[in-house]
Every structure is written in structure tokens, then in C-alpha cells.
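Here are my notes on the charged side-chain pairs. Please read them with the model open.

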Amino acid sequence: MKVAFLGASRGMGRSLARLMAERGDGLFLLGRDLADLGRSAAELQILGAPGPVGTAHCDLLEPETFAPALEAAEATMGGLDTVVVSAALFATQEQLEADSVLRGQLLAADFGNTVGFCELARERLLARGGGTLCVFSSVAGERGRKPVLLYGAAKAGLSRYLEGLDHTFRARGLVVVTVKPGFVKTGMTAGLEPPPFAGEPDAVAKTVLAAIDRGKPVIYAPPIWRWIMLVIRSLPRFVMRRIDF
Ligand SMILES: NC(=O)c1ccc[n+]([C@@H]2O[C@H](COP(=O)([O-])OP(=O)(O)OC[C@H]3O[C@@H](n4cnc5c(N)ncnc54)[C@H](OP(=O)(O)O)[C@@H]3O)[C@@H](O)[C@H]2O)c1
């Protein structure tokens, strides 16, 4: 595969990029800290990614960086067949209620700007006859829930957009893989109390890579979250108003 990867510097994205490198996939890293990306690129080359692993500046809060970053990835690798987006912002519901600037940034980065990035990636993949777009959304988008009201709203919009992409473009060769992690122990969730069934990034990465290889449209990770969310989606509103899940 020839993969442009936004979010490979940390967390689940880092684990997934390592698995790809180990099996020899071509990688090009997009992100907001070029020095950090350079270190990640060097590590991925040691693990087996064909070198040199290129990097380009791409910040979810700066949409003007998207097109040049994807252009650099495509030019350097001589074409792209896969684009992965695991980058996102997270903040607690309390932080988002208290800080309107942070709230605007998170809603823009995790919904509108991620959609904008995906639109550009989609155009490039379709121009070459298709490919795979794998994007990390969240189980937080499955139901309006007290602890993730705002973050979950952004992820709900993103999940619905990705579903529509799949319906619209699959016949033309675009495979959209929507990843819906439950709670996974990464920097994003550091300091939060892990619930039962919390996952590890390396295990999630294996699940996600298998889903990419099989072209699965939706994947829950860890997989048990599919059943947890099935129950949560079926709860009546009066129950949702009472519980703090
Ligand atoms: N962890 C969970 O429990 C959980 C649950 C549900 C869904 N998710 C979703 O799964 C995905 C991966 O989460 P994670 O826990 O692995 O996250 P993480 O460890 O916090 O890593 C987040 C990644 O996003 C990048 N990023 C943040 N802001 C950015 C920006 N403005 N522009 C470009 N890149 C930016 C970070 O790059 P820097 O190194 O530059 O900061 C980092 O590579 C996210 O979409 C997240 O919403 C996570």
C-alpha cells in the first residue's frame, strides 16, 4: 500500500503506522510538528517502511495546509492508494463548556475540517481509480451522551458523512473504513478513569489493519464496543437522562 497518514505521531495512529511499516507498506506522514514527524519517519523506516518516509505539515486547524500536504504525499510516493486520518482533538465536556475558543476549535477540527480533508483525499483517490480512506470517528457519536455531548456531536457528524461517502462512491472504487474506537488507553484519555473493556492501542491497530485489508465499512475497536453500543442505542431517553455513561 502507499499510505498518506494524518495522525501517526501518537496513540492508535502510531501503532497502526508501525504495523504498516513492519509489513513494508509505503508511508508518508502528515502532521503539525515536523520535527516530531521526522522522528516518527526514522523509526518507521527502521521497522521496515521503504525509505525515505516523507513528511509534510498538515494541521487540522489550518485547512489551507491540506491540499499541499496531500500533493506532497502523492508526488513523493508516485501515487496514493490509502489515506488514514487518526488525528483529532479531544477535551472533556467541562473544558468545552467553559472555553468557547477550545469548543470552536474542537468542533472545527473533528468535524468540518476533517470532512474538508477527506473531500480532498477522496478526490485524489478517485482520480486514480479508487482506493481506501480510513478515518477514526468514535463510539461517542452513536448516542447523545452527557460526558461527551460536544465531542460526540462532532464525531456523530463525521460518522454520518463517512457513511454517505461509502454509499455514494463505493461503486466508483472508494472504500471507506470508519473506525469507531471505544475507550482506548492513549495520550488522549490520559487522566480519565478507564471503564471496563478499555482497549490498548496496539490491539486496536491490528483490528483496524485487518478492516482496511478487508474493506470493512465500519469497525468497532475493541470489538466488544459494537455490543456495548448496541445496548446504549436501544436505551430509551428517560434512561439516558438518568445515567452518566
Ligand atoms: N483514545 C480513545 O479512547 C478514543 C476513543 C474514541 C475515539 N478516538 C479517536 O481515535 C483517534 C485517535 O485517538 P488517539 O487516542 O490515538 O489520539 P492521541 O494519542 O491523542 O493522538 C492524536 C493524534 O492527533 C494529532 N493531532 C491532534 N491535533 C491535531 C491537529 N490540529 N492537526 C493535526 N494533527 C493533530 C496528534 O498529533 P500531535 O503529535 O501533533 O499532537 C496525534 O498524532 C482520534 O480520532 C480520536 O478522536 C479515541
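1. Glu74 is buried, at a relative accessible area of 11% (buried is under 20%, exposed over 50%, partly exposed in between; 1.4 Å probe, protein chains only). Its side chain meets that of Arg128 in a salt bridge, 2.6 Å from N to O (a side-chain nitrogen of Lys or Arg within 4 Å of a carboxyl oxygen of Asp or Glu). Glu74 sits in helix α3 (residues 66–77) and Arg128 in the loop between α5 (100–127) and β5 (131–136), so the bridge ties parts 54 residues apart in sequence. Helices (H or I, at least four residues) and strands (E, at least two) are DSSP runs, numbered from the N terminus.

2. The model is predicted: local features need pLDDT of at least 70, side-chain atom pairs count only at pLDDT 80 or more, and totals for chains, interfaces and linings use all residues. Residues are numbered from 1 along each chain as its sequence is written, and side-chain values use heavy atoms, with hydrogens and water left out.

3. Asp244 and Lys146 also pair, in a salt bridge of 3.5 Å, N to O. This links distant parts of the chain: Asp244 in the segment after α9 (237–242), Lys146 in the loop between β5 and α6 (149–169), 98 residues apart. Asp244 is exposed, at 60% relative accessible area. Lys146 is partly exposed, at 38%.

4. How many salt bridges does the structure hold? The total is 15. One is Arg23 with Asp213, the closest N and O atoms being 2.7 Å apart.
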